[in-house]
Amino acid sequence: MLDRAFDSYDASPVEDAIQPPFPLLAARGLCFEAGGARLIDEVDLRLDAFGATVVMGPNGAGKSLLLRLLHGLIAPCAGELLWRGKAMGEAARRRQAMVFQRPVLLRRSAADNIDFALKLHRRADRDRRDMLLQHVGLLEKARQPARLLSGGEQQRLALARALATEPELLFLDEPTASLDPASTQMIETLVLAAKRNGVKIVFVTHDLGQAKRLADKILFLPGGRVAEHAPAARFFDRPTSEAARGYLEGRIVL
Ligand SMILES: Nc1ncnc2c1ncn2[C@@H]1O[C@H](COP(=O)(O)OP(=O)(O)OP(=O)(O)O)[C@@H](O)[C@H]1O
Ligand SMILES: [Mg+2]
């Protein structure tokens with residue numbers, strides 16, 4: 001049924017032809033400073049158009065900041081972002097969506113939250129909204145104010161709203177951090193379905209099992225720098241950096 005959510009996704013053959021050799025999104029020399037501290041330091045990154053890249057790293061490493069920078073929500077103090085090889089602008093940003101670590105929802109009903117996103121993308125469509133609510137198990141709560149939903153329900157609503165806009169790139173910042181196993185599985189199933197439908201996923205998690213279930217690639221980011229960006233199997237079998245080895249063994253890594 002989720003496939004229907006992407007029926008109208010129209011990947012033009014012409015666009016496909018000009019994709020390679022450009023990555024979907026590239027960062028060059030990306031930096032972010034605050035309070036005199038360099039929090040993101042010279043990040044160079046190429047994100048392929050498909051698959052899931054799971055971002056891992058200790059608390060305070062800069063994972064959320066990096067996602068905000070990549071999504072264009074905050075401005076870097078240096079560096080640039082390229083979308084399919086060209087400077088990333090507003091049009092490219094509208095092809096992306098983000099689910100935040102703490103869900104940010106409108107103080108309106110669950111249904112209104114999705115309608116609002118659809119309207120922003122000029123696609124008001126009640127059937128589609130109801131289908132999305134159904135996918136995340138919230139159709140019965142469509143009229144309930146979003147702020148009265150539980151944490152897990154709010155996170156599922158945030159994911160439904162992000163999917164509503166049919167993004168090419170979906171950022172998810174620890175979307176299951178406080179969810180029970182059933183809600184976590186529901187989110188993972190939706191994310192994997194989106195990935196199968198060609199949506200590029202960038203997913204932050206501290207959960208190693210989840211990273212193994214979802215990831216094609218791992219981006220490991222201790223201390224605001226990229227220590228590894230590797231195929232998931234390689235990363236888990238043979239991490240090359242001392243920081244990643246320590247993190248995987250459960251040692252404190254800064
Ligand atoms: N706007 C800001 N101004 C100053 N410092 C900030 C700002 N945003 C984040 N930081 C700091 O930058 C560092 C990285 O924060 P970030 O939220 O990206 O970490 P994280 O890797 O997502 O951590 P967690 O795993 O706990 O979510 C932290 O030390 C945080 O306090
Ligand atoms: Mg974070």
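**Figure 1. E42 is partly exposed, with 15 C-beta neighbours inside 10 Å.** A residue is called buried when 20 or more other C-beta atoms, placed from the backbone, lie within 10 Å of its own, exposed when 12 or fewer do, and partly exposed in between. The model is predicted: local features require a pLDDT of at least 70 and side-chain atom pairs a pLDDT of 80 or more, while totals for chains, interfaces and linings use all residues. Residues are numbered from 1 along each chain as its sequence is written, with chains lettered from A and ligands numbered from 1 in the order in which they are written. E42 belongs to strand β2, residues 37-47; helices (H or I, at least four residues) and strands (E, at least two) are DSSP runs numbered from the N terminus. Although E42 is not a glycine, its phi is positive, at about 50°.

**Figure 2. R84 occupies the loop between β4 (78-83) and β5 (86-87).** The phi of R84 is positive, about 50°, and this residue is not a glycine. R84 counts as partly exposed, having 18 C-beta neighbours inside 10 Å.

Figure 3. The C-alpha trace spans about 50 × 45 × 35 Å along its principal axes. Of the 254 residues in the chain, 40% are buried. Among contacts in the chain with a separation of 6 or more, 66% join residues 24 or more positions apart; a contact requires C-beta atoms, placed from the backbone, within 7 Å of each other.

**Figure 4. Helix α3 (residues 63-70) is largely enclosed by the rest of the structure, because six of its eight residues are buried.** The buried residues of α3 are K63, L65, L66, L67, L69 and L70. After α3 comes G72, with a positive phi near 75°.

**Figure 5. Helix α5 (residues 110-120) and α6 cross at roughly 125°, their axes coming within 10 Å.** Axes are lines fitted to C-alpha atoms, for helices over the stretch in contact, and angles run from 0 to 180 degrees between N-to-C directions. The two helices, α5 and α6, are therefore oblique to each other; angles under 35 degrees count as roughly parallel, over 145 as roughly antiparallel, 65 to 115 as roughly perpendicular and the rest as oblique. The crossing of α5 and α6 is right-handed, a term for a near helix turned clockwise from the far one by less than a right angle, anticlockwise being left-handed. In this contact, α5 contributes A110, A111, I114, D115 and L118, and α6 contributes R128, R129, L132 and L133. The contact of α5 with α6 has six nonpolar, no polar and three charged residues. In this classification Ala, Val, Leu, Ile, Met, Phe, Trp, Tyr, Cys and Pro are nonpolar, Asp, Glu, Lys and Arg charged, and the others, Gly among them, polar.

**Figure 6. Helix α6 (residues 126-135) packs against helix α7 (residues 151-164) at an angle of about 140°, with axes 9 Å apart.** This angle makes α6 oblique to α7. The crossing of α6 and α7 is right-handed. L132, L133 and H135 of α6 meet A160, L163 and A164 of α7. By class, the contact of α6 with α7 consists of five nonpolar residues, one polar residue and no charged ones.

**Figure 7. Helices α7 and α8 (the latter residues 181-196) pack at an angle of about 10°, with their axes 10 Å apart.** With this angle, α7 is roughly parallel to α8. From α7, the residues G152, Q155, R156, L159 and L163 face S183, M186, I187, L190 and A194 of α8 in the contact. The contact of α7 with α8 is made up of six nonpolar, three polar and one charged residue.

**Figure 8. R161 is a residue of helix α7.** R161 is buried, with 27 other C-beta atoms within 10 Å. Apart from neighbours within four places in sequence, R161 is in contact with N113, I114 and A117. R161 and L118 are 43 residues apart in sequence, and their C-alpha atoms are 8.2 Å apart in space.

Methods: Contact = placed C-beta atoms within 7 Å.
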